[in-house]
Amino acid sequence: MAVASEVRETVERTRVVVIGAGQAGLSVAYYLRRLGLSPGSDFVVLDRGPSTGGAWQFRWRALRLGTAHRVNDLPGMADLGLSFETADRTAPARDVVSDYYDRYERFYDLRVRRPSDVRGVEEGQDHGLTVRYLDGGGAPRFLDTEIVVNATGTWGSPFRPWYPGRDSFAGRQVTTAEYTDASEFEGQDVVVVGGGTSAIGFLLELERVGARTTWATRRPVDWFDQQELGIEMGAAAVAEQDEAARAGLALPSIVSGTGVPLTRRNRAGIDRGVLVDRPMFASIEPEGVRFADGSFQHADAIIWATGFRPELRHLAPLGLRSREGGVVVSRGASQADPRLYFAGYGPQASTIGANRAGRVIARQVLLALSTSPGRAAAAATAPRGGSGTAPRRDAAADA
């Protein structure tokens, strides 16, 4: 709720704000530092999570690196003597990634501020932008900046499709982001929805606790007989994402363009009858789901492993969304606002894509800073290093 009366706030100034410290945000921060900008002064990284690891810190404990999507090393990680290729495959993936990212942030002195919950990016002063966020104590903070790099990913915006009767279901409904441990569903009838690796992982884990599972997918699962994602399939999926991003369309599912690898683990699950998908149900009833053929499946819980959407709510004040529901992005740069860049968006969503994009975006940011309309004003008010504080009038408190 906005505050009607004007209030004076102390506003910090920096040249670049990176929102998010997952794989994409850290990659951009690394290259900004390498190109000569100082962490904490020339650029500031804000992260909502309580700890390091980006979205990985929230993934379910049973997930291991050996069964997850491949995690590529961050740029410069070799200088620490670390690599996910040689990481412990028996430890929870979230613990390994959080540990490696923590070492990475400290080694490069990236000075990530967390928890910092960004609530809005708005028009600022001197042709710049203002990033409005809450610190760990819930106090409102403001950062005036010339450039914003959005690297918020998708974890905070799970997609749960609507089906008739969804809100009448008497059992429990959880998304991938809310799933923590299979033991919570011991002995229950569980419907798992979705055709990707998360859904498959849930089904295999639930089998071990005696849950009776039903797997529902919108389209038949496209298995391919490879241990890892084929180069041609991956390239086609990335191209599809890139085309959608350039056109401002809602981003398509990666799995729909690549299929699912028929690993030994997955093949064994098929042979045991655990990984057998059914066509999507037509409706949801209080005690279960009803399929198009009229058959009914009792359910104590429904797990929606139906993917995520880009987390962009905080950018709403800038009016970037196209009529088609997406934002127009080319090579990481917003085509609607030259002050805004997107890291880890669309074709950059994979770990290797995010790393490559980090270098490209950092270079674009440096070029933009050299021609920024607010450069002279920032230089006149900020001390050497590009940061400072200044009193301002601001009528918009946290909405």
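Contact means heavy atoms within 4.5 Å. The exercises below use a predicted model, in which local features need pLDDT of at least 70, side-chain atom pairs count only at pLDDT 80 or more, and totals for chains, interfaces and linings use all residues. Residues are numbered from 1 along each chain as its sequence is written, and side-chain values use heavy atoms, with hydrogens and water left out.

**Exercise 1. Helix α3**

State how many of the 11 residues of helix α3 are buried, and what the buried residues pack against.

Solution. 
- Step 1. Buried means under 20% relative accessible area, exposed over 50%, and partly exposed in between (1.4 Å probe, protein chains only).
- Step 2. Helix α3 covers residues 197-207, and nine of its 11 residues are buried, so the helix is largely enclosed by the rest of the structure.
- Step 3. The buried residues are Ser198, Ala199, Ile200, Gly201, Phe202, Leu203, Leu204, Glu205 and Leu206.
- Step 4. They pack against strands β9 (189-193), β10 (212-217), β11 (223-224), β12 (260-261) and β17, and against helix α6 (264-271).

**Exercise 2. The nonpolar cores**

Find which residues of the largest nonpolar core touch the most other members.

Solution. 
- Step 1. A nonpolar core is a set of buried Ala, Val, Leu, Ile, Met, Phe, Trp, Tyr and Cys residues joined through side-chain atoms within 4.5 Å.
- Step 2. The largest core has 66 residues, and those touching the most other members are Val16, Leu32, Phe84, Val149, Leu206, Ile303 and Val365.
- Step 3. Helix α1 (residues 23-34) supplies the largest share of this core, seven residues.
- Step 4. A second, separate core has 20 residues, among them Leu46, Tyr133, Leu143 and Phe342.

**Exercise 3. Strands β2 and β3**

Determine in which sense β2 and β3 pair, and which residue of β3 is the bridge partner of Ile19.

Solution. 
- Step 1. Two strands pair if DSSP finds at least two bridges between them.
- Step 2. Strand β2 (residues 16-19) and β3 pair in the parallel sense over four bridges; Leu46 is the partner of Ile19.
- Step 3. Strand β3 (residues 43-46) is covered on both faces: Phe43 and Val45 are buried on one side, Val44 and Leu46 on the other.
- Step 4. Together, β2, α1 and β3 make a right-handed β-α-β unit (with the strands pointing away from the viewer, the path from the first strand over the helix to the second runs clockwise).

**Exercise 4. Aromatic rings**

Classify the ring pairs Tyr163 with Trp304 and Phe281 with Phe291.

Solution. 
- Step 1. Rings of Phe, Tyr and Trp (its six-membered ring) pair if their centres lie within 6.5 Å; planes under 30 degrees apart count as stacked, over 60 as edge-to-face and the rest as tilted. The whole structure holds 17 aromatic pairs.
- Step 2. Tyr163 and Trp304 lie 6.3 Å apart, centre to centre, with 20 degrees between the planes, which is stacked.
- Step 3. Tyr163 is in the loop between β7 (147-150) and β8 (172-175) and Trp304 in strand β17 (residues 301-304), so the pair ties together parts 141 residues apart in sequence. Both residues are buried.
- Step 4. Phe281 and Phe291 are edge-to-face, at 6.3 Å centre to centre and 75 degrees between the planes. Both Phe281 and Phe291 are buried.

Conventions:
Helices (H or I, at least four residues) and strands (E, at least two) are DSSP runs, numbered from the N terminus.
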